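Please look through the structure shown here before reading on.

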Amino acid sequence: MLKFRIEKVPAPFWMRILIPVAAVLVTFLLTSILVLLAGADPLKAFYYFLISPLSSQVSAIEVLVKSTPLLLTGAAVAFAFSAGYWNIGAEGQLYAGALVGAWLGIVLQGVSPVVGIPLMILGGFVGGALWALVPALLKVKWNVDEVVTTLLLNSVILFIVSYFLNGPWRNPVSMWPQSPEIASGTVFFKLIPRSRLHFGFIIAVVVILVEWFVLARTSLGLRMRAVGLGKDAARFAGIPVGRTMLTAALVSGGIAGLAGVGEVAGIHFHLIDAISEGLGYTGIIIATLGALNPLGVGISALFIGLIDTGAQSVSRALGVPSYLGDVVQSALLLVVLGMFLLQNYRIRRVQPSAGDNVTPPGALAEEAKELR
Amino acid sequence: MYAVQMRGIVKRFGDVLANDRIDFDLEQGKIHALLGENGAGKTTLMRILYGLYHSDTGEILVNGERVNINSPKDAIRAGIGMVTQHFTLVPTLTVAENLVLGDTTGITLNPAKIERSIADASQRFGVQVNPKALVRHLSVGERQRVEILKALYHDARVLILDEPTAVLVPQEVEVLFESLERLRKEGLSVIFISHKLNEVMRVCDRITVLRDGRVIGTVEKTATSQIDLARMMVGRETFGVTRQGERARGEALLRVENLGAIDKKGMLALKDVSFEVHTGEILGLAGVSGNGQTELSMILSGMIKPTQGKVWVGQRDLTGADPSQIGSAGMARIPEDRHASQVGELSVAENLALDQLDSFEKGGVLDRGRMLKNAKQLIAEYQIKASPGDRIRTLSGGNMQKVLLARSFSRQPAVVIASQPTRGLDVSATEYVRGKLIEQRDRGAAVLLLSEDLDEIMALSDRIAVIYEGRIMGILDVREATVERLGLMMCGTC
C-alpha cells in the first residue's frame with residue numbers, strides 16, 4: 001500500500017524567482033474560465049490585457065501613468081511588511097496625503113513651483129505619516145493588532161475627506177464635491193507634453209530606488225529585515241524592535257501619502273472622493289507579488305499598471321465586464337500567497353517497511369478472505 | 001493480563017533516535033511509571049501509543065490484540081486516554097461542553113442527558129467537577145480533573161498522564177493521587193510519566209526507566225529505591241571529556257541574588273535563586289528541563305524581567321536590562337533555542353554582525369566589506385562549515401551553534417551564559433563546543449553552564465549547582481559531587 005508524506009523543505013532560490021511568473025500563468029488559466037463564461041475568447045482577452053497596451057505610444061504612456069501611484073503604494077506596503085508591520089492602511093494614508101496636498105494647493109496661492117512642489121511632496125509625506133502614527137504607537141506600546149487599526153482608519157479618513165469635499169471645500173457654483181483647483185505653483189509638471197505623465201512618476205521611481213538602497217545597504221534596513229524575519233532573534237541581538245517598527249510604519253505611511261499627493265497634484269488638480277479606488281489595497285498585492293523587494297515591487301507595479309490599462313480595452317473590445325481586471329489582480333494575490341506557502345513543502349512517497357504497522361488489519365483480513 | 005503492550009518501538013526524528021527498540025508492558029489495574037530525564041523518549045513513546053506519532057517499526061497490542069493506532073481517534077476507540085501537560089480545553093465553554101467536543105454520535109445535543117452522564121462518571125471515578133462551570137474560571141488542578149474526566153467519559157480503560165504534577169500545587173497533588181487510587185480500584189490502568197522520584201515511589205506499582213531512547217529496566221516498586229532509580233536515570237560513572245588540572249579561581253563576577261520569575265503560564269518559575277560565578281570557573285547548573293532554567297537563562301539574556309531580585313556583573317546592576325545593555329556589559333549569551341536567536345533568512349555574515357551593527361556602519365550605510373571580512377575571519381577561526389553568504393537556516397545545528405559562539409566569544413566576554421549548548425548536536429560539534437567553553441574559562445571568563453546533560457556538567461564544571469522547581473537545591477564542588485547525589489537533588493530529594 002502506498003503512503004504519502006508531506007515534508008517541509010525550504011524552497012531553492014531558483015524556485016523563488018519563478019514563483020511570481022508561475023503565479024501569473026496560473027492566474028490567467030483560472031480567470032480564463034471566467035472569460036469563457038462571459039462569452040469571450042481567453043486568448044484574445046489576454047492579448048488586450050497584456051499586449052495591446054504596449055502597442056501604441058499613447059497607451060504605453062498611460063501604463064506609466066497608472067503605475068505611478070501603484071509604485072508608491074507598493075513601495076509603502078513593502079517597506080512596512082519588511083519589518084513585519086502589516087500596514088493595511090496604505091489606502092487611508094494615501095487619502096491623508098491627498099488631503100494635505102489639496103489644502104496646500106489652496107493656501108499656497110501665487111508661489112513658484114520651485115517652492116510649491118517640494119512643499120507638496122513634504123506635505124503629502126507628513127500627512128500619510130501622521131495618519132499612520134496612531135496605529136503604530138498602539139502596536140509598539142500595547143501590541144494592538146495593526147491589521148485591524150490601519151484597516152479601520154481607512155474608513156475614517158474617507159469620511160473626513162468627504163466632509164471637506166461636501167463642506168468647506170465644496171465648489172460653491174457647481175455644488176460639486178470637489179476641492180478648489182490647486183494653485184499653479186503646486187502642480188506636478190508634465191514629463192511629456194500633452195500626455196498625462198507627470199512628475200509624480202519621477203518621484204515614484206526615486207522612492208523605489210531609495211527604498212532598495214535603504215533595505216539592502218543600510219543598517220536600518222538590516223535591522224528592519226531582522227525584525228521582520230525574526231523578531232525574537234532581533235531582540236536577542238539587541239535591536240530595538242519597537243523603535244524599528246515605528247520607523248517602518250511612519251515611513252510607509254509617508255510614502256503612501258506621496259501617492260495621494262501625486263494624484264492630486266499630477267492628475268486631477270483637485271481632491272475628489274474617488275481619488276483612489278483601491279490603490280492602497282492594490283499596493284498590498286504589488287508588494288506581495290514583488291516579494292517585498294523594491295525592485296520586484298517596481299516590476300509588479302508596472303505589470304499591474306499594464307493590466308489596469310488593458311482591462312479597459314478588454315471590456316470595450318470583447319464586452320466582458322471591466323472589473324475583470326480587478327478579479328485578475330485579486331486572483332493573482334491569492335495564487336501568489338498560496339504558492340509562497342506551498343513552495344516550502346514536498347509530497348514524498350513512503351514505501352512501507354517490513355515490520356511497519358501501517359497496513360490496517362482489515363485489509364489483511366480482506367486478503368485472507370479472498371485467498372480462501 | 002496486559003492492558004497494553006508495546007513491542008520493538010522505534011522512532012526517529014531526522015538524526016535523533018528518540019525510541020530505540022522499546023518494549024513496554026502495562027499490567028491491568030496497575031499504575032506504571034515511565035521515568036527518565038528530558039529527551040529520554042517517554043513522551044514520544046506515549047504519543048505513539050496515543051496516535052499522535054507513528055512509530056517507524058514496532059507493534060502495539062491492547063488487551064492482547066494487535067491494534068493499528070493512526071490517530072487519537074483510534075486510540076480513544078481502543079480505550080486509551082491521554083492527559084497532556086498542555087490542556088486541550090476551550091476556556092470559554094463549560095465543562096460539559098468541553099467533554100462532548102469531538103463526540104460524533106448523533107447530530108443533536110441533549111444537555112440534560114450530557115450533564116447526567118457526566119455526574120455519573122464524576123461520581124463513579126470520584127473526580128469532582130461541576131458540569132456547568134466555565135473552564136475559564138477553573139483552577140489548574142480543576143482543569144486537569146476535567147481533562148481526566150474527558151478521557152474517562154470516552155470510556156478509557158488506560159489513562160496516560162504526562163507529568164501531571166508539573167502544574168499542581170502540593171494540595172492538588174494529593175487530590176490527584178487519591179483519584180488515581182480510585183481509578184485503580186475501578187480496574188483502570190494508568191501510565192504515569194514523570195521525572196519526580198518521590199512521587200513515583202509513592203503512587204506507582206511498577207516503574208520503567210528510559211534513558212537516551214532505550215529501556216534501562218523495569219522494576220517493581222517494592223524491589224527498588226529512589227537511589228537505584230536515580231542511578232538508572234542518570235547513568236554511567238565515566239565521562240567523555242577528561243578534566244584538566246586545577247584552576248585558580250578569581251573573585252565573584254556574576255552575582256544573582258534572590259531572583260524570582262514567573263513563566264508563561266503565570267506560575268512561579270524561580271523562587272529566591274541566589275548564586276555566584278567567579279572568574280576563571282565554570283559553574284554548572286544541573287536540572288531536568290522545566291525547573292526554571294529557561295526563565296533564568298532568559299533573565300540573564302535580558303529577554304524577560306525578573307519579578308524580584310538582582311543581577312550584578314562586577315559593580316554593574318543589570319537587573320531587568322535589555323539585550324543590548326547586557327551585551328555591552330561583556331556578557332556572552334548562548335541561548336537554549338538557537339533557531340530563535342538567529343534570523344534564519346539572513347546570511348551568516350549578517351547574523352555575525354547583527355548584535356553590533358554600529359561597528360559595521362558608516363553614517364547609516366552598511367560597510368558590507370567589513371562584514372564580509374569579519375565573517376571570513378570568524379568562519380576560519382571557529383571552523384564553521386559555511387560561506388558568509390549562506391542563509392543561516394541552511395546550516396546544520398552544529399554550525400549554527402558555532403556561529404552563535406563565534407559572535408559571542410569573539411568579543412572576549414567577561415561572562416558567558418551557555419544554555420543547553422550541545423543539545424541536538426552530533427559528537428564532533430559537541431566536543432568542539434565543550435572545548436570552547438573550557439577555553440573561555442581558561443581565559444578568565446566566568447562561565448555559567450545550564451545543561452540537562454549530567455555527564456556534561458560533571459565533565460566541565462568546577463562547581464555544580466542543582467535547580468529543582470525553581471530553587472537551588474545545593475551547590476557542590478565537583479570533587480564532592482557524585483551521580484547519585486546530583487540525581488537525587490535533580491529529582492527533588494536532598
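In strand E7 of chain B, B:Val158, B:Ile160 and B:Asp162 point one way while B:Leu159 and B:Leu161 point the other way, and all of them are buried; a residue is called buried if 20 or more other C-beta atoms lie within 10 Å of its own, exposed if 12 or fewer, and partly exposed in between, with C-beta atoms placed from the backbone. In a regular strand, side chains alternate between the two faces of the sheet. E7(B) is mostly covered, with 5 of its 5 residues buried.

This is a predicted model, in which local features need pLDDT of at least 70 and side-chain atom pairs count only at pLDDT 80 or more, while totals for chains, interfaces and linings use all residues. Residues are numbered from 1 along each chain as its sequence is written, and chains are lettered from A and ligands numbered from 1 in the order in which they are written.

Helices (H or I, at least four residues) and strands (E, at least two) are DSSP runs numbered from the N terminus, and two strands pair if DSSP finds at least two bridges between them.

| Strands | Sense | Bridges | Bridge partners |
|---|---|---|---|
| E6(B) and E7(B) | parallel | 4 bridges | B:Val83 and B:Leu161 |
| E4(B) and E5(B) | antiparallel | 3 bridges | B:Val62 and B:Glu65 |

E4(B) and E5(B) also belong to an open sheet of 4 strands in chain B, in the order E2-E1-E4-E5, with antiparallel pairing. Its edge strands are E2 (16-27) and E5 (65-67) of chain B, each of which pairs on one side only, and the twist from one strand to the next averages 25°. Helix H1 (residues 42-49) of chain B lies across E1, E2 and E4 of chain B, running at about 115° to E1(B); axes are lines fitted to C-alpha atoms, for helices over the stretch in contact, and angles run from 0 to 180 degrees between N-to-C directions.

In chain A, the axes of helix H4 (residues 90-107) and helix H5 (residues 113-142) come within 7 Å and cross at roughly 140°. That makes H4(A) oblique to H5(A), where angles under 35 degrees count as roughly parallel, over 145 as roughly antiparallel, 65 to 115 as roughly perpendicular and the rest as oblique. The residues of the contact of H4(A) with H5(A) divide into 11 nonpolar, 8 polar and no charged; Ala, Val, Leu, Ile, Met, Phe, Trp, Tyr, Cys and Pro count as nonpolar, Asp, Glu, Lys and Arg as charged, and the others, Gly among them, as polar.

A:Phe269, with a phi of about 65°, lies in the loop between helix H10 (241-268) and helix H11 (279-289) of chain A, and counts as buried because it has 20 C-beta neighbours inside 10 Å. B:Glu163, whose phi is near 45°, lies in the loop between strand E7 (158-162) and helix H6 (170-185) of chain B, and counts as partly exposed because it has 17 C-beta neighbours inside 10 Å.

The contact between the chains takes 27 residues from chain B and 24 residues from chain A, two residues being in contact if their C-beta atoms, placed from the backbone, lie within 7 Å. On the side of chain B that touches chain A, strand E4 (57-62), helix H10 (323-328) and strand E18 (365-366) of chain B each supply at least two residues, and by class that side has 10 nonpolar, 10 polar and 7 charged residues.
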